[in-house]
Amino acid sequence: MKEFLEAIEKNEELKAKIEALSKNPDTTVADFVALAAEYGFTLTEEDFTLEGGASFPMMNST
C-alpha cells in the first residue's frame, strides 16, 4: 500500500483517477483495487481499510 500511495503522489494521471473515484458516490473499494491493479499493484479490499474499520481519506466523497 505504501508504494501505491507514493505512486499517487508522483503520477498525475493516477492522482486524477483517484480524485475522480473519490468524488463519485457510487465508487466502491473494489474500484480502487481495480485501479491499483491497472498500475501494477496487487492490493485487496482489506488494504484499503484502516484499523478500526475506517477507510482511507481518499475514499471519502467530497
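Which backbone oxygen does the side chain of Thr27 reach? The side chain of Thr27 reaches the backbone oxygen of Leu21, at 2.8 Å. The model is predicted.

Thr27 sits in the loop between H2 and helix H3 (29-38). Is Thr27 buried or exposed? Its relative accessible area is 17%. The cut-off for buried is under 20%, so Thr27 counts as buried. Setting aside neighbours within four places in sequence, Thr27 is in contact with Leu21 and Phe32.

**Leu5 in H1**

Leu5 belongs to helix H1 (residues 2-10). Leu5 is partly exposed. The C-alpha atoms of Leu5 and Ala36 are separated by 9.9 Å, with the two residues 31 apart along the chain.

| Residue | Relative accessible area | Class |
|---|---|---|
| Leu5 | 31% | partly exposed |
| Thr27 | 17% | buried |

**H1 against H2**

How do H1 and helix H2 (residues 12-23) cross? Their axes come within 6 Å and cross at roughly 105°. Angles of 65 to 115 degrees count as roughly perpendicular, so H1 and H2 are roughly perpendicular to each other. On the H1 side, the contact is made by Phe4, Ala7, Ile8, Glu9 and Lys10. H2 contributes Glu12, Leu14, Lys15 and Ile18. The residues of this contact divide into 5 nonpolar, no polar and 4 charged.

How values were computed:
Residues numbered from 1 in each chain as written. Predicted model: local features only at pLDDT ≥ 70, side-chain atom pairs only at ≥ 80, totals over all residues. Heavy atoms only, no water. Helix = DSSP H or I, 4+ residues; strand = E, 2+ residues; numbered from the N terminus. Buried < 20%, exposed > 50% of the residue type's maximum accessible area, 1.4 Å probe, protein only. Axes fitted to C-alpha atoms, helices over the stretch in contact; angles between N-to-C directions. Parallel < 35°, antiparallel > 145°, perpendicular 65-115°, else oblique. Contact = heavy atoms within 4.5 Å. Nonpolar A, V, L, I, M, F, W, Y, C, P; charged D, E, K, R; others polar. Polar contact = N/O pair within 3.5 Å; in protein donor to acceptor, adjacent residues only side chain to side chain.
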